[in-house]
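User: I am new to this structure. Could you walk me through it in questions and answers?

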Amino acid sequence: MTATVGQQAQAAARANDVWKVYGSGEAQVVALRGVSAEFERGRFTAIMGPSGSGKSTLMHCLAGLDSVTRGTVSIGETTVTGLGDAGLTKLRRDKVGFIFQQFNLLPTLTAKENILLPLSIAGRKPDPAWYDTVIETVGLKDRLDHRPAQLSGGQQQRVACARALVSRPEVIFADEPTGNLDSRSGAEVLNFLRDSVREHGQTIVMVTHDPTAAAYADRVVFLADGEIVSELIEPTAETVLDTMKKLDTAAEVGN
Amino acid sequence: MFRATLKSLLARKVRLILSGLAVVLGVMFVSGAFVLTDTLGRSFDSVFADGFSEIDVNVAAKPKVQVNEMEGEQTVAPLPAALVDRVKQVPGAASATGVVNADGARVIGSNGKVVTSFGPPQLGENWTGESELLKLREGRAPQAEDEIVINKALATAAKVQVGQKVGVLTAFESKKRDFTLVGVFGYSGDRDSIGGVNEVFFTTPVAQRLMLGEPDVFSSITVQAADGVSDEKLRDDVARTLGADFEVKTGEQVAADASASLKEGLSFFNKILLGFAAVALLVGTFLILNTFSIIVAQRTRELALMRAIGASGRQIIGSVVLEAIAVGLIASVLGLAAGIGVGALLAFLFGKLAGGLTLAGIGVPAAAVIGSFAVGLVITVVAALLPALRASRIPPIAAMQDVATPDRPLTKITVAGSLVTGIGAVLLFLGLSGNAGGQTLSTILGGVLFAFIGVALLTPLISKPVVSLLGAIFSWSVPGKLGRLNSGRNPRRTAITAAALMVGIALVTGVTVILDSAKGSISALAQDTIKAELVIAGQQGGPRPPTFDPGVLDQAKALPGVRLVDGEYGDMARIDGEGTWVAASSDIASLRQIFGAKPTAGDIDRLGPTQMLASSDTATSRGWSVGSTVNVQLTRGEARTYTISGIYESSQLTNPVTLPVTAAKDFAIPQPIQGFIQLDPGTRVSDVQPQVEALLADSPEVSVADRDAFIKQQTSSLDGLLTMIQILLALAIVIAVLGIINTLALSVLERTRELGLLRAIGLRRSQTMGMITVEAVVISVFGALLGVVVGTGLGAAVVEALKDEGITDLILPWGQMGVFLGLAAIIGVVAAVLPAVRAARINVLGAIAHD
């Protein structure tokens, strides 16, 4: 992919010829084969692909959770590749937000405390106006003093979204955020993510294998066998499904 | 099922090792105690067998007063020298030798200080020539009145050489007397001493006079059998000739008897060590209980699956118990091995301390092996039983559900805890108030045990408020707050972990409260009632208390500014057949004027040569009143009749019986042990003290101190005792620390995901470690707090019960308690190190991706 200087300034996260190889010799598995991609600021990008395509690995590498074998990854102005633990911690603290399939809330803390946790760890105070906006958007106003065990799955995931949003990170990485939710709760969360991009200019990168979920994104990047194979702008569930089917056929033909 | 159990056991190595370690330490204590006492016992056997190896038959007078190991040394009554000839004429006797052999020959080293033996006697004897056992290494035998020979170890310790003048204090002369050292001897096998005993040989007349107090007497007669006569036959023949007044024994018997009395002391020591082992094991039980509970909780899904595929509840119990048996067995073997090592090491150290006791080979008595396995297995299985029962109640459906461990209500456990605590309190009350009907000690111990278990059961209830209160200190930081919340997360787990620490800290606190109160009470009493500005006394280093020359008393009396001088003598006597401690004061006026005694009947200001005084308690219990006559047998001399002429009120400072000072010559130790000097009003202590010091130049065992220094010295033995108990209980605390490490390690394991998330959203490694550390510190400080409270309660109860015994002041060691709490915080930090490092190293990606 070619990119102009102007575009570079726009990218919230970027992968440049990223290789990820696990194991060595006979047991060697190549998860990513020279992936280069840019994730523009203020856009909602979905990464799709069949299982084993390397989509989760790509996200982990982008987020600085996993190291790359070759190539570079950067978030905003920061080059992630080569950072030590302290640097990575600071990066995660200041520039990255996460939403997981398993919600991952701390059971000992209330919803509000969970939402504010990244800020309190960093020793920062929330911007009250932004905090109110986030709470309002996720619709948890009357649930703030509840503990995770007292919340439904959808509510827990909304808490997790609020937690990611409240510190206004450079980019939010969402790993199958609707994987553990029923379709109604899933739709709520996705709507909410899309709104935060459209209304507040948040950047979100989401890994999913669900075409319906991917359709909420502004752009879908397709991965197969560790390589970017296709891309859709302004996708719908149908176009995503079609692309996936093509990829599957191609894979079968390849086999 | 068996295979499955084994597999799961292997999969849980680390946590089982940690809990097993608690059993290992407890078992180590048990087997170590047995190995130590067995080894020392056999070493003593061989020492005595050696010491008496050359004697075929030994003749001694029956002791006039039997004294047991706890009361002091047995002093033999002297035999008339003429008896030697009678023994010689017994058919079958090849030779008979009169022997002087008595404790109390103290050599003054080249530094002017008395050489102490730290336990073994310091014998003064008459030289009867070399033997198989005893050979001169240097010089010659003593021939003149002022010549001595001593054993090599003693010469080395005193730093004296043949030809030098050496000062010696003897049993009958506490004033230093100078001798010329003419020879140094050693023992067969190139030994410098046997069992640390110091020996000084004089010529026979000197030994008789200085060690036995009169000419022409011996301590015993050793008889050599003629060829072809057995020791037993000779013994019986000698016994028949001499009649019933004498103890006639073969050399072997003498050795066995001498060894047996020492072993009595050893078995007491053994019991004390086993007591501490019991404490360690109690703490270990908490730890194992906790570990198995956690393991069962973590395996809920797995166990439910087993149930779902057809395992019965009984099989589940069996599998958990089997795990416990395996852990118990391995821990017992390791504990036994470690105990043998520790026992051997302690025996070695003891041998060194006791002046080179030659150790018999390290033996492992059957009791050590049986004890180790019984204790190790029983403790582990009993501790695992409850978790096993819980495991068997897991419904098969749990395999299909989310692993949710709901907070079970604490009602049941709280009710049980209150009940058990109540039983403990009742037992304690019965035991301490003396209503336990002869079972006082076991009732009190049972009460303490129940109280501990009861409080441990109540702990989950208390833990919530206390832990959140304690944790509030750390809430200013995010990791601190998270740590606090984590420690309140599983109240049962936190409670048991803290309870384990509580036991050790409670015992230490309790003992400290009791000993401090005793010390404080005695000091206060002494301060209030001893009206002497100066005290003459020494530090006891062996079985014999330090003494001084009675001549000093008169000389001190003559010093300007001195109003009253009293020398105190003491002896174990038989009064109307019953062993009683008797004392004598050189100046009877001291009774009132120095010790504040008050008469309750008769006259206590005068004491005629056949009169005696008794304390009110003794008089009441023995049924004496003024005018009663009693028969008194002292260590030496014939029995005499005394008339009670006065009775004084009992206090901590009064003796049961006071005899006239003329009787002191028949005491086992015929010299004063302590001296009290009262000054005229207005006289400066610092003016008199150096003068008394000068008078004591020839009595190097004692020194003169002002009253406060004396009281401090007298109560310092309690400090030593306290330190020893604290060291032994430290083991229980170490085990509790293992418990904290274990609990934290398991918690870290359980919360891998959470820790991963925290790291993912920006928690630094150091903050992660801080969070774990706060959790550990909160738990350990909570445990220490419980321990201090429970210990203070127990200690205060005991002090209350001892009110009548003179412990009147309850003294709470605030400083010590503060130290314990501080220590607990440190313990928490230390215990957190490994789990914290582990938590900080968690791979963020692995933790989150893990399902």
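User: How many residues does the contact take from chain A and from chain B?
Analyst: This is a predicted model, in which local features need pLDDT of at least 70, side-chain atom pairs count only at pLDDT 80 or more, and totals for chains, interfaces and linings use all residues. Residues are numbered from 1 along each chain as its sequence is written, while chains are lettered from A and ligands numbered from 1 in the order in which they are written. Two residues are in contact if their C-beta atoms, placed from the backbone, lie within 7 Å. The contact takes 19 residues from chain A and 17 residues from chain B.

User: Which helices of chain A each supply at least two residues of the side that touches chain B?
Analyst: Helices (H or I, at least four residues) and strands (E, at least two) are DSSP runs, numbered from the N terminus. By class, this side of chain A has 10 nonpolar, five polar and four charged residues. Nonpolar means Ala, Val, Leu, Ile, Met, Phe, Trp, Tyr, Cys and Pro; charged means Asp, Glu, Lys and Arg; the others, Gly among them, are polar. The helices are α3 (85–94) and α4 (111–122) of chain A.

User: In what order do the four strands of the open sheet in chain A run?
Analyst: Two strands pair if DSSP finds at least two bridges between them. The edge strands, β2 (29–40) and β5 (78–79) of chain A, each pair on one side only. The pairing is antiparallel, and the order is β2-β1-β4-β5 (chain A).

User: What is the bridge partner of Ala15(A) in β4(A)?
Analyst: Strand β1 (residues 11–22) of chain A runs antiparallel to strand β4 (residues 70–75) of chain A, and five bridges join them. The partner of Ala15(A) in β4(A) is Val73(A).

User: What angle does helix α2 of chain A make with β1(A)?
Analyst: Helix α2 (residues 55–62) of chain A packs on the sheet and touches β1, β2 and β4 of chain A. Axes are lines fitted to C-alpha atoms, for helices over the stretch in contact, and angles run from 0 to 180 degrees between N-to-C directions. The angle with β1(A) is about 120°.

User: What separates the centres of domain 2 and domain 3 of chain B?
Analyst: Domain bounds come from an automatic or database domain assignment. It gives chain B domain 1 (55–262), domain 2 (459–530 + 708–851) and domain 3 (548–698). Five residues of domain 2 of chain B are in contact with five residues of domain 3 of chain B. Taken over C-alpha atoms, the centres of domain 2 and domain 3 of chain B are separated by 50 Å.
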